[in-house]
Amino acid sequence: MTETDNIVAETAERIFADLADAQTINHDKQGAWKAPLWQALTDSGLPLSWVPEECDGSGTSMAEGFSVLSVAGRAGVSVPLAETMLAGWLLAQGKIKSPEGMMTVAPANTRDRLTLNADGTISGRARGIPFATEAKHFAVVAGDSIALIDAGATKIDGGLSLAGDHSDTVHFDKVKPVAIAKAPAGIDEKALLLMGALARSLQIAGALESMLGISVQYSGERVAFEKKISKFQAVQHNLAKLAGETSAALAAASSAADAFSHGAPIDDALFLEAAAAKIRCSEAAEKGAAIAHQVHGAIGFTREHILHRYTLRALAWRDDFGSESYWAVELGKLVARRGADELWPLVASR
């Protein structure tokens with residue numbers, strides 16, 4: 001991480017520390033914390049990190065944006081920061097200016113496709129769209145085009161993810177875009193899914209860091225049989241396994257982020273990085289969440305405890321932009337297509 005990356009990440013950390021305290025959010029049943037947090041994020045330019053200045057964005061680098069996603073994962077908050085960043089990135093590929101307010105992207109499901117009609121309108125259904133109900137605009141890939149859609153022109157069926165965040169179905173019925181542009185070569189539904197998968201990998205790795213920190217702290221405070229549970233070998237073993245899963249997720253996500261930060265076209269090597277990161281981070285989320293809750297015992301399952309804010313989101317993020325099963329199959333197809341002799345050179349090149 002460069003000095004500039006550190007400055008951007010530190011800005012995000014300060015905002016989340018000041019306005020997204022986990023205990024405060026957990027006790028705020030009305031969601032009053034969201035508006036001040038989003039306003040602070042907007043004022044800092046973080047939601048439009050990947051949008052160049054000529055498109056009304058912050059013009060920060062890919063690496064700086066990835067550092068923000070890691071911080072957002074550690075905070076485990078229910079705001080569409082990652083989604084707005086992805087939307088801004090997608091619109092920037094078509095030189096479309098990003099509007100103010102919350103955004104999200106479509107399609108986010110591996111089986112959904114949007115159609116660009118002959119009259120320039122867009123049709124189709126997109127399922128599992130994060131924060132669609134709260135977004136003011138959608139950035140979408142339809143055919144060979146990128147478009148900006150007013151959320152009010154669509155029909156939205158509300159839904160919830162495992163973590164209780166909005167995961168909605170959006171219906172596009174011959175919707176006229178606010179703006180539309182030809183997608184450059186290499187930018188299509190698969191590229192959007194890859195970027196989304198990488199974003200979720202970084203968020204999962206960040207959430208695992210928080211799970212580990214919370215679990216270590218709790219084990220050092222909780223007393224059973226007249227001694228702290230951190231002194232029991234079984235608990236130490238579980239914490240070591242959680243630390244291992246966290247380190248593996250961080251390594252995979254960071255490696256993929258570093259590869260994408262150089263701005264090279266998405267090729268087989270970048271595909272390998274992003275797909276492998278989503279697979280490994282998703283596996284770590286499942287194992288890590290189980291260990292964290294085991295360390296905490298019954299109290300970790302209560303709504304009053306903050307642990308669920310991280311574990312449930314990490315588990316929900318596994319399915320966004322393609323599950324680990326989907327990416328494992330796609331990665332297998334890549335290896336089979338290239339042939340056995342090409343596998344080691346591809347892996348070693350990274």
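Reader: What does "contact" mean here?
Author: Contact means that heavy atoms lie within 4.5 Å. This is a predicted model in which local features need pLDDT of at least 70 and side-chain atom pairs count only at pLDDT 80 or more, while totals for chains, interfaces and linings use all residues. Residues are numbered from 1 along each chain as its sequence is written, and side-chain values use heavy atoms, with hydrogens and water left out.

Reader: OK, which residues is F66 in contact with?
Author: Leaving aside neighbours within four places in sequence, F66 is in contact with W50, M195, L198, L202, A257, F260 and S261.

Reader: And which residues have the most contacts inside the largest nonpolar core?
Author: F16, F66 and F172 do, in a core of 117 residues. A nonpolar core is a set of buried Ala, Val, Leu, Ile, Met, Phe, Trp, Tyr and Cys residues joined through side-chain atoms within 4.5 Å. Buried means under 20% relative accessible area, exposed over 50%, and partly exposed in between, with a 1.4 Å probe and protein chains only.

Reader: Which helix gives the most to this core?
Author: Helix α6 (residues 189-221), with 17 residues. Helices (H or I, at least four residues) and strands (E, at least two) are DSSP runs, numbered from the N terminus.

Reader: How far does α4 reach?
Author: From first C-alpha to last, α4 (residues 62-75) reaches 20 Å, close to the 20 Å expected at 1.5 Å a residue. The expected span is 1.5 Å times one less than the number of residues. Just after α4, G76 takes a positive phi of about 60°.

Reader: Switching to strands. What order does the open sheet have?
Author: The four strands go β2-β3-β7-β6, with antiparallel pairing. The edge strands are β2 (115-116) and β6 (155-157), each pairing on one side only. Two strands pair if DSSP finds at least two bridges between them.

Reader: How many bridges join β6 to β7?
Author: Three, and the strands run antiparallel. The partner of I156 is V170 in β7.

Reader: How many salt bridges are there?
Author: The count comes to 17, where a salt bridge is a side-chain nitrogen of Lys or Arg within 4 Å of a carboxyl oxygen of Asp or Glu. In one, R127 and D112 meet at 2.7 Å, N to O. That pair links distant parts of the chain, 15 residues apart, with R127 in strand β3 and D112 in the loop between β1 and β2.

Reader: Are those two buried or exposed?
Author: R127 is partly exposed at 23% relative accessibility, whereas D112 is buried at 4%.

Reader: Which residues are linked in a network of salt bridges?
Author: D268, R337, R338 and E342.

Reader: Last topic: how many aromatic pairs?
Author: Four. Rings of Phe, Tyr and Trp (its six-membered ring) pair if their centres lie within 6.5 Å; planes under 30 degrees apart count as stacked, over 60 as edge-to-face and the rest as tilted. F138 and F172 have ring centres 6.1 Å apart and planes at 70°, so the pair is edge-to-face. F138 is in strand β4 and F172 in strand β7, 34 residues apart.

Reader: Which residues form one aromatic cluster?
Author: F271, Y326 and W327. Y326 and W327 are buried.
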